[in-house]
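Hi,

Here is the structure I promised to pass on.

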Amino acid sequence: MKNYIARFGHGSAKLARQAQSKEKTLQKMVASGLTERVVNDKTLSFSFHPCGKIPPPVIMVQNVSFRYSDGPLIYQNLEFGIDLDTRVALVGPNGAGKSTLLKLLAGEVLPSDGMIRTHSHVKIGRYHQHLTEQLELDLSPLDYMMKCYPEIKEREDMRKIVGRYGLTGKQQVSPIRNLSDGQKCRVCFAWLAWQNPHMLFLDEPTNHLDIETIDALADAINEFEGGMMLVSHDFRLIQQVAQEIWVCEKQTITKWNRDILAYKEHLFFFFFKSMLKQPKTPPSPHHLLTAFKMGILEIKAKQLKKNQEKLQKNLQQLSASEKEVEETVEKVKNSVKAMYGEMRALLEQDEQNTYRLIEAEHHNMLRQIHSRVNGGFNFIEAAMNVVENVEHMDNFKLAECGSINILMEVNSMKTSIEAFEAIHISLGKDVQVDNKRLKSLENCVDEILKSTKKFLPRPWQYSENITFDEKTAHRNLRVTEDRREIRFVSQDQSVLEKPERFTKTPNVMATQIFSSGRHYWEVMLKGKENWGVGVAYPTMSRTGTRRDMTLGFNKESWVFQLSDGEFYAMHNGDAIHLICKKFHRLGVFLDYEDGKLSFYAVDNFCLLYTFKTKFRKPVTPAFKTYDKSSTWPLVLCPMLPEPKEPVSDIGEPNPTKEDSVSYFSERL
């Protein structure tokens with residue numbers, strides 16, 4: 001019913017009335033809940049496996065000419081080369097030799113003259129219109145793939161592989177002859193992908209494929225690591241995947257220096273120009289011009305409609321992905337909570353064990369003291385006994401006893417006295433108790449503290465919500481209403497002239513100014529190729545020489561920037577070239593008192609560079625972007641939760657997750 005309304009809603013009066021009637025009926029069915037529930041189609045996910053690297057040249061075409069047997073010359077003296085980074089679409093009139101060129105490069109036909117040199121290790125995967133005729137029609141897709149790739153032993157593994165190309169359930173086990181043309185094409189793509197080619201030669205790959213499958217194929221080609229040459233009448237696919245366009249005509253190949261839509265306009269112009277040259281009842285120039293304009297409008301309208309449909313799908317996916325965001329955030333919160341809980345438990349357990357060891361050492365030290373005290377008292381008592389014995393040994397006793405016995409007793413007393421003196425000396429030297437074990441425990445805890453201080457506090461503890469100061473933005477920078485995003489636009493905007501505004505360089509500063517403390521903010525740079533992020537003195541020149549106004553080229557600014565694919569740290573015109581992997585998000589940490597400005601790749605929180613200086617004035621975050629080819633904005637990321645809006649006086653609740661979902665539904 002929807003298709004009927006869309007098709008005839010703007011046709012003749014009779015068909016339009018019927019379409020309007022059906023539209024009213026459909027609205028009543030929707031209101032009554034009589035329509036079927038909308039089920040989203042399964043998402044296809046084509047893929048071509050990583051092919052590895054081959055040093056160029058991969059294929060060299062040297063002075064090649066070609067004709068079929070005694071037929072006319074198709075190509076003459078071709079000279080070119082292709083590598084793994086080649087992404088070319090071949091266009092031209094029918095019969096110009098586009099498919100023939102792919103056969104020549106694949107080695108299926110030989111040149112009449114000249115030579116084609118192919119790297120010895122290159123694998124070529126060629127898709128053509130007759131590939132489905134080579135399938136074994138009595139086998140199922142599953143059995144066919146198992147036969148072609150016997151190294152995959154498990155049928156379940158092969159089911160997953162075939163399922164990626166949109167063949168599921170009964171389609172996998174039905175004979176190939178029972179499949180539709182589009183499903184047979186998907187079997188061919190699955191077979192082709194598992195050949196693991198370095199080069200893809202695709203001849204009319206979109207025949208029998210629906211829009212979703214074509215989009216999945218385009219995504220797979222864009223992610224493919226190898227080279228690609230495409231012959232297709234689907235200008236939409238060409239626009240999605242081709243980096244160069246080669247025109248095959250007049251026995252040669254020439255490079256088209258504009259995009260595919262411009263080539264299509266060129267074809268319309270050529271067609272109408274040829275009509276003017278026809279002698280029989282030529283149409284009036286006015287009619288030709290009108291027809292030409294209508295043809296161009298029709299092309300652009302079709303492209304716009306396709307883009308609108310794709311955008312509609314993307315918006316629906318965004319609506320569905322909001323729930324995924326909430327689930328992901330909740331999952332990360334729980335994970336972080338669990339890890340912090342584990343760290344606290346480990347520290348508490350270590351603290352308890354340490355206290356137990358301290359208490360045990362406490363008892364050990366007291367035991368040593370008590371042992372020495374008891375030894376001291378025993379020494380005193382024994383010494384007193386010896387003294388008393390000596391004093392009681394009078395002359396009478398000496399006269400009665402034999403001289404030998406007296407001598408032995410005196411020697412015994414002498415030995416006891418010497419032993420007591422040694423004990424006395426030992427006690428005097430070793431009065432202090434051994435506390436090395438306690439010091440060892442204290443040092444272990446100190447090591448844990450030092451290790452923790454290496455990670456804490458982390459820069460984002462000092463997070464700030466930064467906003468752009470639109471009064472400073474160059475007239476080619478468009479600042480959003482919430483002052484969180486900027487885009488470079490090619491046309492000057494109508495803005496108020498202010499002394500704070502940059503006039504010659506695409507700079508903008510933040511509203512925040514820092515004169516002390518530590519501060520951290522993050523910037524989203526996905527899709528940007530030319531940008532600069534850093535800090536500057538608010539007094540940085542807005543007029544004068546370009547050096548004075550360009551971030552990083554003067555004494556008043558410090559900037560980390562990406563320019564033409566290369567990273568630099570710049571201050572006062574001095575550029576330090578840095579070797580960094582590309583990242584989507586940049587973190588900036590400012591320690592004003594310590595004079596440090598550090599930049600981090602937030603994707604893996606890797607330190608990229610640190611400026612060490614002495615700030616003599618307050619500083620403000622500063623930015624520049626001059627990426628004309630990118631439509632992606634430069635975004636200041638919120639680092640702190642926004643304050644919640646209070647409940648209104650009339651008792652209306654604050655927005656909830658359900659409200660945001662309904663917002664998407666209403667907009668869609």
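Predicted model: local features only at pLDDT ≥ 70, side-chain atom pairs only at ≥ 80, totals over all residues.

Residues are numbered from 1 along each chain as its sequence is written, and side-chain values use heavy atoms, with hydrogens and water left out.

**Cores.** The largest nonpolar core has 53 residues. (A nonpolar core is a set of buried Ala, Val, Leu, Ile, Met, Phe, Trp, Tyr and Cys residues joined through side-chain atoms within 4.5 Å; buried means under 20% relative accessible area, exposed over 50%, and partly exposed in between, with a 1.4 Å probe and protein chains only.) Helix α7 (residues 181–193) gives the most to this core, eight residues in total. (Helices are DSSP runs of H or I with at least four residues, strands are runs of E with at least two, and both are numbered from the N terminus.) Apart from this core lies another one of 38 residues, with Leu477, Leu525, Leu562 and Leu578 among them.

**Helix pair.** The axes of α4 (residues 141–148) and α5 (residues 155–163) come within 10 Å and cross at roughly 110°. (Axes are lines fitted to C-alpha atoms, for helices over the stretch in contact, and angles run from 0 to 180 degrees between N-to-C directions.) On the α4 side, the contact (heavy atoms within 4.5 Å) is made by Pro141, Leu142, Asp143, Met145 and Met146; α5 brings Arg155, Met158, Arg159 and Val162.

**Aromatics.** I count 20 aromatic pairs in the structure. (Rings of Phe, Tyr and Trp, using its six-membered ring, pair if their centres lie within 6.5 Å; planes under 30 degrees apart count as stacked, over 60 as edge-to-face and the rest as tilted.) Tyr592 and Phe615 are a stacked pair, because their ring centres are 5.6 Å apart and their planes at 25°. Both Tyr592 and Phe615 are buried. Elsewhere on the list, one aromatic cluster is formed by Trp531, Phe560, Phe567, Phe583, Phe599, Tyr609 and Phe611.

**A loop residue.** Where is Asp138? You'll find Asp138 in the loop between β5 (124–127) and α4. Asp138 is exposed, at 60% relative accessible area. Leaving aside neighbours within four places in sequence, Asp138 touches Pro175 and Arg177.

Cheers
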